[in-house]
Amino acid sequence: MSDKEEVAKRRTFGIISHPDAGKTTLTEKLLLFGGAIQTAGAVKNNKIKKTATSDFMEIEKQRGISVATSVMAFEYGGKQVNILDTPGHKDFAEDTYRTLTAVDSVILVIDCANGVESQTEKLMEVCRMRDTPVIVFINKMDRYGKDPFDLLDEIETKLNIKVRPLAWPIGMGDEFKGVYNIYDKNLNLFQANKTKISEDVLSFDDINDPSLNTIVGDKFANELREELELIDGVYDDFDQSRYLSGEVAPVFFGSAVNNFGVKELLDTFIRISPSPKGRQTDQRFVEPSESKFSGFVFKIHANLDPNHRDRIAFLRIVSGKFERNTFYKHVRHDKKIKFPNPTSFMARDKSLIDEAFPGDVIGLYDTGTFKIGDTLTAGEDMTFTGIPSFSPEIFQELQNNDPMKSKQLDKGIRQLMDEGVAQLFIQEPGSRKIVGTVGQLQFDVILHRLTHEYGASCSFTPLGYHKACWLTSTNQDQLKDFLRAKTGNIAKDKDDNLVFLAETPFLLQMAERDYPEIKFHKTSEFKVLDKP
Ligand code: G4P
């Protein structure tokens, strides 16, 4: 197979959902279809239940399992499907946001009873920022939920994307009869706990065929006909190019736990979803078809064993072919490095690879040379952009409890920040260390790791900030005035960018009103311009 064909056959995507909507279950069913796992339950524990707070065993388990299942690859219908796992727990949302920079499309799972939930909105915002193509899977149709039309309206208004149903449910809950595939014009009758890999479908080129009444009953047959007519009237015909540009999301219905509707989803997915896309750098746009290798690190995972401080850096290949034992340029360090044992991730196993192509994600053993956002190239001096850092929501001051161990603390916190566990802001005078996260659980993780892996002795004190905004301005005098007036609320991020720590939404609004020529950014990019 030529390199070009290798790229064309790859489909790299992520599954996103509010916790408990069925992401893990759907992932598992997709893997079953793809033959990547043989039994159900293999990916089941890949999440922390909502109730978990500071259970370190759970945290450790999460870290361990999520390395193994971070990228799941399988072949299906002539395509290589790469699923990038995203942590289910909301406290790990930042990690999910970054993983979304490495996918080319997403499948969004929605619970038919709960509709669009808070976490879904946030994740979709990130997808909308880069026009990522989205397919929606409305799950748990074996339960009673909201009216399908209401769900579609809710998706359009809350998620700011147009929808186009490609399948339509017949009944729901105990009366769930099945799903009509609008695209292929066939009917898939519901059976609980399907274990077969193939789904039996009945072809219905003409929806007015009377045998439909015999199969699902008069009431449901008539309802389906009416609803399909309504769909045709309300929604534009499916247009693949509008899906690919992130304007329209095709919608499917099913029940992941019953393995129902999953095959249709997968079949359509491999037919319409995008092959690997290029990415922007600070110099130019890089196309996947380019012959020279390039890629970026979007995730860093620490080794579970604290005695081995090595880590795994996850690299998304953007262009060219990656080859084992070949020298590549680490752009930020301006240094050539080669990798004797890069790995791919197949469900539970990690295996050594000799080569990899655009769209693939590989694991590189790292002893501290990588930071999130780092770029590797065949020699060109360029850095991929667009790996965002979002304003944290919870802030605590990190205090050193043992002056003899300040070195350990400094090293530990620096390395954890490189992994993207949280964000560190330094405030003068006194170099106060303020750690910002999106979830409370992160503080437990940080404290646990600083103590156990780095031998530091430290503690956190909660701070009452609401948001951290990155500051830029073309009016340097106004910026100077602001910095003077707000000394106590100004800090710097790890790249020395100025940050305003606002106590309340109101105070932030006031600042925006009083200083109109200053921009208060709620997201920043992980800038990797600081040369060592
Ligand atoms: P998540 O990764 O998005 O957090 O969700 P997960 O797949 O773990 O699913 C959350 C719960 O919803 C699980 O039940 C799962 O079995 C159930 N579920 C998933 N798909 C469907 C479906 O199509 N219909 C119904 N009725 N339930 C579904 P749980 O009780 O939390 O866990 P478990 O003990 O069943 O594993």
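Colleague: Buried or exposed: which describes Phe395 and Tyr465?
Modeller: The model is predicted, so local features need pLDDT of at least 70 and side-chain atom pairs count only at 80 or more, while totals for chains, interfaces and linings use all residues. Residues are numbered from 1 along each chain as its sequence is written, and side-chain values use heavy atoms, with hydrogens and water left out. Relative accessible area sets the class: under 20% is buried, over 50% exposed, in between partly exposed (1.4 Å probe, protein chains only). By that scale, both Phe395 and Tyr465 are buried.

Colleague: How many aromatic pairs does the count come to?
Modeller: Rings of Phe, Tyr and Trp (its six-membered ring) pair if their centres lie within 6.5 Å; planes under 30 degrees apart are stacked, over 60 edge-to-face, the rest tilted. That rule gives a count of 23.

Colleague: What angle separates the planes of Phe395 and Tyr465?
Modeller: The two rings form an aromatic pair, 5.9 Å centre to centre. The geometry is edge-to-face, with the planes at 90°.

Colleague: How many residues apart in sequence are the parts that this pair ties together?
Modeller: Strands (E, at least two residues) and helices (H or I, at least four) are DSSP runs, numbered from the N terminus. Phe395 lies in strand E25 (residues 394-400). Tyr465 is in the loop between strand E28 (458-463) and strand E29 (467-473), so the separation is 70 residues.

Colleague: Which residues do ring pairs link into a cluster?
Modeller: The links are again ring pairs. The members are Phe293, Phe322, Tyr328, Phe339 and Phe370.

Colleague: What is the strand order in the seven-strand sheet?
Modeller: Two strands pair if DSSP finds at least two bridges between them. Here the pairing is mixed and the sheet is open. Its order is E2-E3-E1-E4-E5-E11-E6.

Colleague: Which strands stand at the edges of that sheet?
Modeller: Each edge strand has a single partner, so one side of each is left without a neighbour in the sheet. The two are strand E2 (71-76) and strand E6 (162-165).

Colleague: Why is E2 described as largely enclosed by the rest of the structure?
Modeller: E2 pairs with strand E3 (residues 79-84) in the antiparallel sense over six bridges, and Met72 stands opposite Ile83. The two strands form a hairpin with two residues between them, where Gly77 in the turn has a positive phi of about 55°. E2 counts as largely enclosed because the number of its six residues that are buried is five.

Colleague: At what angle does helix H2 run to strand E1?
Modeller: Axes are lines fitted to C-alpha atoms, for helices over the stretch in contact (heavy atoms within 4.5 Å), and angles run from 0 to 180 degrees between N-to-C directions. Helix H2 (residues 23-33) lies across E1 (10-17), E2, E3, E4 (105-111) and E5 (134-139). Its angle to E1 is about 155°.

Colleague: Within what arc do the buried residues of H5 fall?
Modeller: Gln119, Thr120, Leu123, Met124, Val126 and Cys127 are buried in H5. The arc is that of the directions from the helix axis to the C-beta atoms. Those residues line one face of the helix because their arc is 150°.

Colleague: Which residues are exposed on the other side of H5?
Modeller: Just after the helix, Asp131 takes a positive phi of about 55°. The exposed residues on that other side of H5 are Ser118 and Glu125.

Colleague: How many residues of helix H12 are buried?
Modeller: H12 (residues 441-454) reaches 19 Å from its first C-alpha to its last, close to the 20 Å expected. Among its buried residues are Phe443, His448 and Tyr454. H12 is mostly covered: of its 14 residues, the buried ones number eleven.

Colleague: Which are the edge strands of the four-strand open sheet?
Modeller: The order is E7-E8-E9-E10, with antiparallel pairing. Pairing on one side only marks strand E7 (167-170) and strand E10 (201-203).

Colleague: What share of the protein chain counts as buried?
Modeller: The chain holds 14 helices and 33 strands. Of its 532 residues, the buried share is 57%.

Methods:
Expected span 1.5 Å × (residues − 1).
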